[in-house]
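Good morning, everyone. Please bring up the model on your screens. We start with one pair of side chains.

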Amino acid sequence: MENPKQELILVVDDHPANLKLLFSFLKSSGFKVLVAENGESAIEKLNEVSPNLILLDIMMPGIDGFETCRRLKASVATKDIPVIFMTALTDNINKIKGLSIGAVDYITKPFQQEEVLARVKLHLKLRSLTKTLEAQNQLLKQEIAARISAETELQKLTQELEQRVAERTSELTDAMQDLQKTQIQLLQREEKLGRFAFQDSLTDLPNRAWFMNRLAQAIQTARERQDYLYAVLFIDLDRFKVVNDSLGHLLGDELLKSVSRKLQACLRHTDTVARFGGDEFVILLSDIKDISEATKIADRIQKELKQPFQLNDYKVFTEVSIGIILSSTGYDRPEDALRDADAAMYRAKAKGKGRYEVFDPTMQTLAMARLQLENDLRRAIDLLPCSSTASASQEFCLYYQPIVCLSTGKLSGFEALLRWDHPSLGLISPDRFIPIAEETRLIDDLGWWVLQEACRQLKIWQEQFPQKPPLAINVNFSAVQIKQVDLLHRIEEILREAAIPITSLKLEITESCILETLDWEEKTLKQLKALGINLCIDDFGTGYSSLSRLHEFPIDTLKIDRSFVSRIASDKDDTQIVQTIVTLARSRGMDIVAEGIETLFQLQKLQELGCDFGQGYFISMPVDKETATELLAREQILQAVLQKETRA
């Protein structure tokens, strides 16, 4: 349906395609349309016609849109014609410039027809209202002038009417100024939102979206330049979850901000670091010569982050695991580069954390295998029974390795050892799946099942074989489990359900766990000791720095690491270390257990050194509960082993 007023619109654009598009669209929308291909042509046409509105392109040959607009606003004949800029410029400075020289609005290319029509109609309506108001004002002024000459007595009324006209005109002017101000504010808000879209709000580092764009540019540059190399470093904080859980998220956030500052300080000005979320950071090293530049920066980062962070009253230690990829591997997509860097980072974690690994293709295979093992682990844990009744499909079970008194030869207890009988892979070593369980926190459910099952079995044995002191059970506890909030309550509940003496339970904690213990974790260990639970340091001797802290913890037993026991026959220094540990334990009233006894010579040497207890393949391998029950029936397990050795 045609517009009865047939408003005339002048379209000024140096692109014929744009002119054609706008001409057709506006014509079909009921407007008369006049076109000009440049600013000079537009000014000439305006000498002959007076359009209702001008759509003016900014970037044109000759005089550009800005200059054209200035000339139009300087002319009495054209200054009141609304001008809407059309531009492909995205920077807000140019848009604000256009509004400041008299334009009423702007339209961004490429055009959206709905937007063009809405803005055109809006400003035609505003111009119509303005012209109507001006016409009314003019008529009022004429009427007032006539009445002043004819009726002096109406002068007061005339003044009031003039004041009303002035106020209405001022209101319209203010409204137009407010509209322009609002448009400028919208542009500034768009700029601010764009900045937030690519910035991490916590650390002010670039975020994932920004980094992916930057990495895509690096990949493109590598395609175009054969001499261009880049590297990606995928960084993950070791033990960040421990800090977050123990000290709270606020201090965890402070740690992340401190880490981000240190990472930036380790880089060149051409390098980029971004935060991907959580405790993951990614670095892009641009235009490097070879992999050694990347490894030097990785060394620098790890050295810097080994220094303690002071967070309020806490001194926090952390390290990072770093995965590195080099662009010479050949990448077409940023996602592939990050996938391989992530795989290398997980390889670094698997090798002990606090280190870096450079990607090679075998890591991807290992990463996929690890992911599959994690999925299988989740499935196997889901099969664990809620009660003590075993399920036919259950894949986990406990084996028990005897711990023997070396002076009497009698069996004093067992160490409960977890075994996973995978349906297709067979028995999987705990060394493979326990680190995964700890990292994913699956160890929580798995660890409680181990403790519950070990205590349940111990109750059965104590009833079958009453002895003084009662038979004990050793259960390994990881650093992750010690940090559980409801630790004390759950242990008390399990002991109460099993109905065994509290002193029959010994919790084994690795020496490395003791070294990393925070103040509140030390308090937890003391609370466990107060309950009557015996605490044992496993693998003692591998972290010599723990000797200085040994007096801080309520430890009952030290277990000499098997690495020292295995070298007793060949290395006098290691024998001396064992003697030192025994002497240390004696001075603090602790029991001593030697792990990994594999020969008669080692057994006899440990007896000479005054070691209290021992375990190892020479005495017995870990066995199932049925075989363990048979061992309990023997009066002298060590004597039986020695007799067997003599016959052999």
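Which side chain meets that of K349 in a salt bridge? D238 does, at 2.7 Å from N to O. A salt bridge here is a side-chain nitrogen of Lys or Arg within 4 Å of a carboxyl oxygen of Asp or Glu. Side chains of opposite charge can pair when their charged atoms come close.

Before going on, the ground rules. This is a predicted model, where local features need pLDDT of at least 70, side-chain atom pairs count only at pLDDT 80 or more, and totals for chains, interfaces and linings use all residues. Residues are numbered from 1 along each chain as its sequence is written, and side-chain values use heavy atoms, with hydrogens and water left out.

Back to our pair. K349 sits in helix α11, residues 334-350. D238 belongs to strand β6, residues 231-238. They are 111 residues apart, so the pair links distant parts of the chain. Helices (H or I, at least four residues) and strands (E, at least two) are DSSP runs, numbered from the N terminus. Are K349 and D238 buried or exposed? Both are buried. Buried means under 20% relative accessible area, exposed over 50%, and partly exposed in between, with a 1.4 Å probe and protein chains only.

How many salt bridges does a search of the whole structure find? It finds 35. Some join up: R333, D336, R339 and D340 are linked in a network. R333 meets D336 at 3.0 Å, N to O. R339 pairs with D340, where the closest N and O atoms are 3.0 Å apart. R333 counts as partly exposed because its relative accessibility is 45%. R339 is partly exposed too, at 40%. D336 is buried at 17%, and D340 is buried at 3%.

Next, the sheet. Five strands form an open sheet, in the order β2-β1-β3-β4-β5, with parallel pairing. Strands pair if DSSP finds at least two bridges between them. β2 (32-36) and β5 (105-108) stand at the edges with a single partner strand each, so one side of each has no neighbour in the sheet. Inside the sheet, four bridges join β3 (residues 53-57) to β4 (residues 83-87). L56 stands opposite F85 in β4.

Last stop: helix α21, residues 600-608. Which of its residues are buried? Q602, L603 and L606. They cover an arc of only 100° around the axis, so they lie on the same side of α21. That arc is taken from the directions from the helix axis to the C-beta atoms. Just after α21, G610 takes a positive phi of about 85°.
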